[in-house]
Amino acid sequence: MERSRIAVTLGDPAGIGPEIVAKTFNVKELYDEADIVLVGDKNVLERALEVTGLDLKINLIENVEDGKYEFGTIDLIDLKNMSKDYEFGEVSAECGKAAYEYIFKAGELAMNGDVESVATSPINKESLRAAEVPYIGHTEMFEDISGVHDPLTMFEVEGLRVFFLSRHLSLKDAIDQVKYDRVLDYIERSTEAMHRLGVEGTLAVAGLNPHSGEHGLFGYEEVDEIEPAIKEAQKRGIDVVGPIGADSVFAQGLQGKYAAVLSLYHDQGHIATKTYNFMKTISLTNSMPFLRTSVDHGTAFDVAGKNIASEVSMVEAVKLAAKYGPYFKKEK
C-alpha cells in the first residue's frame with residue numbers, strides 16, 4: 001500500500017505530550033512505515049529533548065514537502081507560540097492556547113490533503129478553559145475542522161475494535177440514548193467506517209442489560225429498541241449480529257469472532273479495552289475526510305518533565321495512523 005504522511009501534534013506543553021512525542025520520534029521503525037511531521041513549537045520541543053536526553057536534530061520546515069523524514073531528525077512546523085518559561089504540571093492559558101493552535105494547524109494540513117492522518121498527544125481541558133478556547137476537547141475541535149457532525153470514535157487494541165453509541169454522558173442519560181433510530185444509525189455508520197478502514201467482517205452489538213435482558217426479565221431495551229434495529233440493519237444487507245452479552249462480546253472480539261463491537265455507552269467499551277491493555281488502547285476518529293488517532297490518556301501533570309512517562313501509546317497511535325492513513329489519501 002502507498003506510504004502515508006502523518007501530522008503529530010505536540011500536545012499541552014506543560015504535560016507529558018512533548019516528551020512522549022520526542023521519544024516516539026526516536027523509534028526507528030516508524031520511519032519505515034510513514035513520513036511523520038511534527039506540528040508544535042521549537043522552544044517546547046527543545047525542552048522535551050533536554051528532559052529526555054535524546055540526541056535528535058530539529059529540521060524547521062514551512063511545508064510538508066520540505067521534510068527530510070529520516071531517523072534522527074524531527075521535521076517541525078514551528079508555530080512560534082510558546083516562551084521557554086512555562087512550568088511543567090501547571091494549568092496555563094499560554095499552554096492551552098498553544099495546544100489548540102497545534103491541533104488546528106494539523107487539521108488544516110489534513111483538510112488540504114498534505115497529510116492523511118493526524119496523531120494527537122494529550123491536551124488539558126482546564127488549560128483550554130483558561131485560554132478561553134471554545135472547545136472542550138479534541139473531538140469537538142475536529143468536528144469544526146472537518147465540518148462533520150458527531151465524528152465517529154473507534155478504539156482499537158490489538159485485534160479488538162470498539163465503536164461507541166454515546167460518549168460523555170451520565171449513565172442514566174446514556175441509557176436514554178439507546179433508541180431504535182440511534183442504534184440503527186450507528187450500526188450503519190460503524191459499518192461504513194469499517195469499510196473505509198479496509199476492515200471486513202461482522203459487527204456485533206453489545207447488550208445493555210445483564211445477559212442482554214433475558215427477553216425482558218432484566219429490562220426491555222433489547223426487546224424494544226436494540227433487537228429491532230439489528231433486524232432492520234440485517235434486512236439492509238449489513239453484516240451485524242446481537243445483542244451479545246457485554247460480559248462475553250468483547251472477549252469474542254479479541255478472539256477474532258467479530259471484526260468490531262458497538263458498545264452502548266462510554267465505560268462499557270472503555271473498561272473492556274483498557275483492562276486488556278491500557279497503554280495500547282488507541283482512539284480513532286474516522287468518519288472525517290482524514291483519520292485522527294490518539295493516545296487515550298491525559299497530560300499527567302504529576303509526572304510531566306520528569307522523563308518517566310511512557311511513549312508506548314503515542315507510538316501505537318502513530319502506527320495505526322500509518323496502517324489506516326493510506327485509505328484516506330486524496331488526489332492532489
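Me: Is His215 buried or exposed?
Reply: This is a predicted model, in which local features need pLDDT of at least 70 and side-chain atom pairs count only at pLDDT 80 or more, while totals for chains, interfaces and linings use all residues. Residues are numbered from 1 along each chain as its sequence is written, and side-chain values use heavy atoms, with hydrogens and water left out. His215 is found in the loop between strand 8 and helix 8, where helices (H or I, at least four residues) and strands (E, at least two) are DSSP runs numbered from the N terminus. Its relative accessible area is 73%, and since buried means under 20%, exposed over 50% and partly exposed in between (1.4 Å probe, protein chains only), His215 is exposed.

Me: What distance separates the C-alpha atoms of His215 and Val162?
Reply: Along the chain, His215 and Val162 are 53 residues apart.

Me: What is the reach of helix 8 from its first C-alpha to its last?
Reply: Helix 8 covers residues 221-235, which is 15 residues. The expected span of a helix is 1.5 Å times one less than its number of residues, and for helix 8 this expectation is 21 Å. The reach in the model is close to that figure, at 20 Å.

Me: At which residue does helix 8 bend?
Reply: A bend is the angle between axes fitted to the seven residues ending at a residue and the seven starting there. In helix 8 this angle is about 30 degrees, and a proline, Pro228, follows within four residues of the bend, which is at Glu227.

Me: Which elements are included in what covers the buried residues of helix 8?
Reply: The buried residues of helix 8 are Glu222, Glu225, Ile226, Ala229, Ile230 and Ala233. Their cover, judged by contact (heavy atoms within 4.5 Å), includes helix 7 (180-196), strand 8 (203-206) and strand 9 (240-244).

Me: How is helix 7 oriented relative to helix 8?
Reply: The two helices pack at an angle of about 40 degrees with their axes 8 Å apart, where axes are lines fitted to C-alpha atoms, for helices over the stretch in contact, and angles run from 0 to 180 degrees between N-to-C directions. Tyr180, Val183, Leu184 and Ile187 of helix 7 make the contact with Glu225, Pro228, Ala229, Ile230, Glu232 and Ala233 of helix 8. Angles under 35 degrees count as roughly parallel, over 145 as roughly antiparallel, 65 to 115 as roughly perpendicular and the rest as oblique, and therefore helix 7 and helix 8 are oblique.

Me: Is the crossing of helix 3 and helix 5 left-handed or right-handed?
Reply: Helix 3 (residues 93-111) and helix 5 (residues 138-146) pack at about 40 degrees, with their axes 10 Å apart. A crossing is left-handed if the near helix is turned anticlockwise from the far one by less than a right angle, and right-handed if clockwise. For helix 3 and helix 5 the crossing is right-handed.

Me: What is the relative accessible area of Tyr69?
Reply: Tyr69 is placed in the loop between strand 3 (57-60) and strand 4 (73-78), and its phi is near 55 degrees, a positive value in a residue other than glycine. Tyr69 counts as buried because its relative accessible area is 12%.
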